[in-house]
Amino acid sequence: MSEVAVISRAQAFLELARAQAKDGLTWGEFGRLLVELLRLAVAGLDAVTGMDGPSKKLAAVGLAATLFDSLADKCVPLGAYPLWLAIRVPVRMIVLALAGGAVEAILPMIRSSHA
């Protein structure tokens, strides 16, 4: 699989996720979408030749950042939005740190399922 194919599949996933979230999203649903996106990205990027491991991880976390930037606001109730504006950046940093760790945990699962 090429890097372009992985990005194309991830973009299609993101479009579907945006459509699902148009009426709002719970944090649980956001978490499920994040894990699904990371599994898709890790599986695809693992098959890409010509990219080193850190670049693949960076690409996967970049997709997680895109998901967060696209959907996290939809998880916040209107009444909590002023607070959300104050904590959004640190929450984003935490989510992306967790995504980086999840990539490390997902990779062995992906590889063992292909063995």
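Reader: By class, what makes up the lining of the largest pocket?

Author: Seven of its residues are nonpolar, one is polar and five are charged. Ala, Val, Leu, Ile, Met, Phe, Trp, Tyr, Cys and Pro count as nonpolar, Asp, Glu, Lys and Arg as charged, and the others, Gly among them, as polar. A word on the background: this is a predicted model, where local features need pLDDT of at least 70 and side-chain atom pairs pLDDT 80 or more, while totals for chains, interfaces and linings use all residues. Residues are numbered from 1 along each chain as its sequence is written, and side-chain values use heavy atoms, leaving out hydrogens and water.

Reader: Why is a space called a pocket and not a cavity?

Author: On a 1 Å grid over the protein atoms alone, a cavity is a set of points where a 1.4 Å probe fits but cannot get out, whereas a pocket is an open set with protein on both sides within 12 Å along at least five of seven lines. Lining residues have an atom within 4 Å of a point.

Reader: How much space lies in the largest pocket?

Author: About 180 Å³. Of the 13 residues lining the largest pocket, Gly53, Lys56, Lys57, Val103 and Leu107 are the closest to its centre. The volume is the space filled by probe spheres set on the grid points, which are joined across faces, edges and corners.

Reader: Which helix gives the largest share of this lining?

Author: Helix 3 does, with five residues. Helix 2 (27–46), helix 3 (53–71) and helix 4 (81–114) each supply at least two. Helices are DSSP runs (H or I, at least four residues), strands likewise (E, at least two), numbered from the N terminus.

Reader: How many helices and strands are there, and how do you know how compact the chain is?

Author: There are four helices and zero strands. The radius of gyration, taken over C-alpha atoms, is set against a globule rule of 2.2 Å times the number of residues to the power 0.38. For 115 residues the rule gives 13 Å and the chain has 15 Å, which is close, so the chain is as compact as a globular protein of that length.

Reader: What makes Val6 count as buried or exposed?

Author: Buried means under 20% relative accessible area, exposed over 50%, partly exposed in between (1.4 Å probe, protein chains only). Val6 has 3% relative accessibility, so it counts as buried. Val6 sits in helix 1 (residues 3–20).

Reader: Which residues does Val6 touch, not counting those up to four places away in sequence?

Author: Met1, Ala41, Gly44, Leu45 and Val48. Contact means heavy atoms within 4.5 Å.
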